[in-house]
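Please keep the sequence and the model in view while reading.

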Amino acid sequence: MNESFWGIGIISFGIIGVFFILFFQDVTNTDEHNYNLLKETTESAMYDAFDYTSYYENGTVRIDREKFVENFVRRFAENATLANTYKIKIYDINETPPKVSLSVSSSKTAGFTGEVVEFNIPNRLDAILETPY
């Protein structure tokens, strides 16, 4: 009888351990996905918002603020995971020289023993558009 309880205990600890591993793996993959998505989306939106007319006329490198925000939100929404809730904060957009500072945070909820725990995973990025000279 004693060995049966040990067997049940080992199996239950194994199931709980696998649950925690899968949960933290999901949180880590979410954070990595959000960071890569933020980085690639910001770069693409900056290239899309590049103002070619001012570059050809004056030689100044600048981006259009409204175009950047529109392209960033559209591209991010196309590739974001639907299971998460996202909050996008744009702190600063400089048109000349092209620089943006933004943050994306996603909320992940989990239930442990009837208690709901919410994880907020923020990613912050400051990006400068470089030109080859």
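## The largest pocket

The largest pocket has a volume of about 150 Å³. On a 1 Å grid over the protein atoms alone, a pocket is an open set of points where a 1.4 Å probe fits, with protein on both sides within 12 Å along at least five of seven lines; lining residues have an atom within 4 Å of a point. Grid points are joined across faces, edges and corners, and the volume is the space filled by probe spheres set on the points.

This is a predicted model, in which local features need pLDDT of at least 70 and side-chain atom pairs count only at pLDDT 80 or more, while totals for chains, interfaces and linings use all residues. Residues are numbered from 1 along each chain as its sequence is written, and side-chain values use heavy atoms, with hydrogens and water left out.

## The lining

Helix H1 (2–48) and strand S3 (115–128) each supply at least two lining residues of the largest pocket; H1 gives the largest share, five residues. Helices (H or I, at least four residues) and strands (E, at least two) are DSSP runs, numbered from the N terminus. Among the lining residues are Lys-39, Glu-43, Tyr-47, Leu-125 and Glu-130.

By class, the lining comprises six nonpolar, one polar and three charged residues. Here Ala, Val, Leu, Ile, Met, Phe, Trp, Tyr, Cys and Pro count as nonpolar, Asp, Glu, Lys and Arg as charged, and the others, Gly among them, as polar.

## Aromatic pairs

The whole structure holds eight aromatic pairs. Rings of Phe, Tyr and Trp (its six-membered ring) pair if their centres lie within 6.5 Å; planes under 30 degrees apart count as stacked, over 60 as edge-to-face and the rest as tilted. Tyr-52 and Tyr-56 form a stacked pair, 6.3 Å centre to centre with 25° between the planes. Both lie in helix H2 (residues 52–58), four residues apart, about one turn of the helix. Tyr-52 is partly exposed at 48% relative accessible area, whereas Tyr-56 is exposed at 64%. Buried means under 20%, exposed over 50% and partly exposed in between (1.4 Å probe, protein chains only).

Phe-68 and Phe-72 are likewise stacked, at 6.0 Å and 25°. These two residues are both buried.

## A buried serine

Ser-106, in strand S2 (residues 99–112), is buried, with a relative accessible area of 1%. Its side chain makes a polar contact of 2.9 Å with that of Asn-34. Such a contact is a pair of N or O atoms within 3.5 Å; within protein, one must be able to donate a hydrogen and the other to accept it, and residues adjacent in sequence count only if both atoms are side-chain atoms.
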